[in-house]
Amino acid sequence: MTSRPAAGGGRWVEVDPARVGRWVEGFADRHGPPTTSAREYGLLLAAPDGATAELYAPPGAPAGVDVAGFVASAVTPRRIGLLLARKGAVAIGVAEGTELVASKVDTRYVQGRTAAGGWSQHRFARRRDNQAKAALGDAADLAVRLLLPEAAALAALVCGGDRRAVDGVLADRRLAPLVPLRAERLLDVPEPRHAVLVAAVGAARAVRILVRDPD
C-alpha cells in the first residue's frame with residue numbers, strides 16, 4: 001500500500017485489490033461504520049465522524065454497488081494493455097491479471113537540449129525534433145504490432161510516463177481503436193524498462209482511494 005498527499009486536501013492511498021476488504025474494515029474501526037453509496041467512479045464511504053473514502057475502480061473493472069461487489073470486481077483478472085513512454089524510450093505490454101504475458105521495450109537516442117546559441121542551436125533543435133519524431137514513430141509501430149491485435153480483448157489501456165510522449169504515440173491514426181480504451185489516470189513511472197513495465201502491472205490494477213479525514 002502506498003500513500004501520498006492529494007491536491008485540494010486529503011491523501012491518495014493505493015491498495016492491492018485483494019486487500020481492499022481489509023482496508024475498509026480498518027477504515028470502519030477508525031472512524032465508525034460508514035454508509036456506502038455507488039458513484040460513477042466506484043464507491044463513496046462516509047463515516048459518522050465526517051471522514052470519507054472514495055474508492056476508484058481499477059481500469060476496466062465495473063464499479064459495483066457495495067463493498068463486496070466492488071472487491072469481487074477489482075480482484076477479477078482482466079486483460080489490459082500497457083503503454084509507457086518517455087523521450088526516446090517506450091515499453092509496451094499486455095497483462096492478464098497479475099501476469100505480463102507479452103512485452104516489448106525499445107530505446108532510441110534523442111539528443112538533449114544544448115546551451116549553444118545562434119545557428120548551432122537551431123540546427124541541434126531540428127535534429128532533436130527529428131529524433132523525437134522518429135522515436136514516436138517507432139513506438140507507434142510497436143503498439144500497432146503488440147496492442148492493436150489485442151484491442152477487442154482488452155478491458156483497458158493503461159498509460160504511463162510523459163503525457164506528451166504518450167499522446168504522441170496514440171496520435172497515430174492506426175491506433176484509433178485503442179484510444180477509447182485509455183484509462184484516465186497516467187502512471188508516474190521512470191524511464192521505461194522491462195522491470196518498470198512489470199511493476200506497472202501492479203500499479204495499473206491497484207485500487208486508488210481518496211481519503212479525507214474529519215475537519
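What share of the 215 residues in the protein chain is buried? Buried residues make up 41%, where buried means under 20% relative accessible area, exposed over 50% and partly exposed in between (1.4 Å probe, protein chains only).

This is a predicted model: local features need pLDDT of at least 70, side-chain atom pairs count only at pLDDT 80 or more, and totals for chains, interfaces and linings use all residues. Residues are numbered from 1 along each chain as its sequence is written, and side-chain values use heavy atoms, with hydrogens and water left out.

**View 1. The protein chain as a whole.** The chain holds five helices and 11 strands. Both are DSSP runs numbered from the N terminus: helices are H or I with at least four residues, strands are E with at least two. Contact means heavy atoms within 4.5 Å. Of the contacts with a separation of 6 or more, 58% come from residues 24 or more positions apart. The chain exposes about 11200 Å², and carbon and sulfur atoms supply 53% of that area. Accessible areas come from the Shrake-Rupley method with a 1.4 Å probe; for residues, only the protein chains shown count as cover.

**View 2. An open sheet of six strands.** The strand order is β1-β2-β11-β5-β4-β3, with antiparallel pairing. Two strands pair if DSSP finds at least two bridges between them. β1 (2-5) and β3 stand at the edges with a single partner strand each, so one side of each is left without a neighbour in the sheet. Neighbouring strands are turned by 20° against each other on average, direction ignored. Axes are lines fitted to C-alpha atoms, for helices over the stretch in contact; angles run from 0 to 180 degrees between N-to-C directions.

**View 3. Strand β11 and its partners.** Five of the six residues of β11 are buried. Five bridges join β2 to β11, and five join β5 to β11. Val 15 stands opposite Val 207 in β11. Tyr 56 has Arg 208 in β11 as its bridge partner. On the β1 side, β2 (residues 11-15) pairs with β1 over four bridges. There, Ser 3 stands opposite Val 13 in β2.

**View 4. Helices against the sheet.** α1 lies across β2, β4, β5 and β11 (207-212), and runs at about 170° to β5. Helix α2 (residues 67-75) packs on the sheet and touches β3, β4, β5 and β11. The direction of α2 makes about 140° with that of β4.

**View 5. Aromatic pairs.** A search of the whole structure finds three aromatic pairs. In Trp 23 and Phe 27 the ring centres are 5.6 Å apart and the planes at 15°, so the pair is stacked. Rings of Phe, Tyr and Trp (its six-membered ring) pair if their centres lie within 6.5 Å; planes under 30 degrees apart count as stacked, over 60 as edge-to-face and the rest as tilted. Trp 23 and Phe 27 are four residues apart in helix α1 (residues 20-31), about one helical turn. Trp 23 and Phe 27 are buried. Tyr 41 and Tyr 56 are also stacked, at 4.4 Å centre to centre and 20° between the planes. Tyr 41 sits in the loop between β3 (35-38) and β4 (42-46), and Tyr 56 in strand β5 (residues 52-56), 15 residues apart. Tyr 41 is partly exposed at 23% relative accessibility. Tyr 56 is partly exposed, with a relative accessible area of 23%. Ring pairs link Trp 12, Tyr 41 and Tyr 56 into a cluster.

**View 6. Charges over rings.** Arg 208 lies over the face of Trp 12, at 4.1 Å from the ring centre. Arg 30 lies over the face of Trp 23, at 5.9 Å from the ring centre. A charge sits over a ring if NZ of Lys or CZ of Arg is within 6 Å of the ring centre and within 35 degrees of the ring normal.
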